[in-house]
Amino acid sequence: MGRDIGTDDPRVRVRAAKSSRPRTKNRPDWSMKPLGRVVAIDRGRYGVVLDDGTRLQAVRARELGRGSVIMGDRVRLTGDLSGRVDTLGRIVAVDERVSTLRRSLEDAPDQRGEKAIVANCDIMVIVTALADPPPRTGMIDRCLVAAYEAKMQPLLCLTKADLGDPQPLHDAYADFNLPIVVTSLGADHQGAQTGIEQVQNVLQGHFSVLVGHSGVGKSTLINALVPHADRAVGHVNEVTGRGRHTSTSSEAFELPQGGWIVDTPGVRSFGLGHVDVDDVLGVFPEVADATSWCLPLCTHRADEVSCALDLWRHGQAPFEAIDEAEQGLRAHRVASVRRLLDAVALADATSKAAR
């Protein structure tokens with residue numbers, strides 16, 4: 001039986017219905033096409049640097065789908081790859097990612113899920129101001145877990161040393177085997193320039209990403225590392241104590257000594273809905289060892305009466321006795337772990353409620 005076209009008039013010609021199936025099963029092989037890295041994304045345009053050094057603008061092929069290409073992706077391209085003004089290449093394939101830095105969006109009711117920030121990154125630079133805005137250890141802890149989950153090396157960069165004392169944060173993270181660098185660009189400060197040089201040495205030859213709250217000095221740090229970057233810098237609101245977003249999109253900058261660094265927009269929060277308990281404990285090896293004494297299915301949270309972490313932090317049996325100073329350090333680590341575990345549990349509960 002023929003398709004009903006709504007009329008018996010033989011003069012009416014109706015186009016054939018479109019099919020969603022591909023015209024052929026033989027799909028193009030893009031594996032030998034030129035390879036490049038995405039270093040900028042702006043309103044559907046992708047800045048790409050080819051392996052031969054050519055910089056060009058490109059668009060995403062329709063079949064890849066929205067959100068399939070993110071900062072740092074290694075991509076295959078066709079089209080005009082000359083890099084001339086007013087020319088466009090076309091991204092036709094994305095190579096497998098070595099690592100993906102993600103954050104969860106459970107703090108936004110209309111955006112449940114995860115957001116991929118950057119791919120194929122080696123180092124996460126956690127930027128925290130010592131004052132204006134004040135440092136938040138919760139944010140640092142969350143970034144550490146995200147870096148561990150993404151198999152990235154974390155670096156803690158403490159900015160605005162002319163406004164605050166870095167020693168408390170040094171002490172808080174002294175046992176984390178975490179590189180800590182202190183910088184100050186607002187005024188002369190002993191060791192500030194040395195701090196910039198230390199950051200340069202760590203980032204040399206790597207693809208790195210800056211992560212931190214708005215106003216902590218990420219754009220200022222970029223301008224110090226890459227003189228021609230000319231990133232806009234802002235000020236912290238005196239009433240709210242929060243910074244203003246000066247970077248509205250991610251962009252990678254080539255370092256003079258080699259390597260790339262990605263400046264990301266400031267974040268209000270760093271959700272952990274995509275991580276699990278093992279990811280959290282991975283940041284704290286000593287705490288992870290202590291949990292081997294816990295009962296099966298222990299949540300390790302503060303309301304778990306049989307959790308071995310309470311005995312470990314006080315140095316009680318079956319653990320060896322410790323002095324008061326060590327008890328203070330262990331108490332801080334357990335508090336950090338439980339704060340993160342509470343966040344993971346909340347994200348899991350939010351996800352289940354949305355189903």
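Predicted model: local features only at pLDDT ≥ 70, side-chain atom pairs only at ≥ 80, totals over all residues.
Visitor: Why is the pair of Trp293 and Phe319 called edge-to-face?

Guide: The ring centres of Trp293 and Phe319 are 6.1 Å apart, and their planes stand at 70 degrees, so the pair is edge-to-face. The two residues are 26 residues apart: Trp293 is in the loop between helix H6 (285-290) and helix H7 (309-314), and Phe319 is in the loop between H7 and helix H8 (324-354). Helices (H or I, at least four residues) and strands (E, at least two) are DSSP runs, numbered from the N terminus.

Visitor: How do you know whether Trp293 is buried or exposed?

Guide: Buried means under 20% relative accessible area, exposed over 50%, and partly exposed in between (1.4 Å probe, protein chains only). Trp293 has 54% relative accessibility and therefore counts as exposed, whereas Phe319, at 15%, counts as buried.

Visitor: What makes the charged end of Arg37 sit over the ring of Phe207?

Guide: The criterion is that NZ of Lys or CZ of Arg is within 6 Å of the ring centre and within 35 degrees of the ring normal. The charged end of Arg37 sits over the ring of Phe207, 4.1 Å from its centre.

Visitor: How do you know that the buried residues of helix H4 line one face?

Guide: The buried residues of H4 (residues 218-225) are Lys218, Ser219, Leu221, Ile222 and Leu225. Seen down the axis, these residues fall within an arc of 160 degrees, so they line one face of the helix. The arc is that of the directions from the helix axis to the C-beta atoms.

Visitor: Why is the contact of Arg90 and Glu63 called a salt bridge?

Guide: The term requires a side-chain nitrogen of Lys or Arg within 4 Å of a carboxyl oxygen of Asp or Glu. Arg90 and Glu63 meet at 4.0 Å, N to O, and theirs belongs to a structure that holds 13 salt bridges. Arg90 is in strand S5 (residues 89-94), while Glu63 is in the loop between strand S3 (55-60) and strand S4 (74-79), 27 residues apart. Arg90 is partly exposed at 33%, and Glu63 is exposed at 54%.

Visitor: What makes the salt bridge of Asp342 and Arg301 a tie between separate parts of the chain?

Guide: The side chains of Asp342 and Arg301 meet at 2.9 Å, N to O. Asp342 lies in helix H8 and Arg301 in the loop between H6 and H7, so the pair ties together parts that are 41 residues apart in sequence. Asp342, at 36% relative accessibility, is partly exposed, and Arg301 is partly exposed at 27%.

Notes
Residues numbered from 1 in each chain as written. Heavy atoms only, no water. Phe/Tyr/Trp six-rings, centres within 6.5 Å; stacked < 30°, edge-to-face > 60°.
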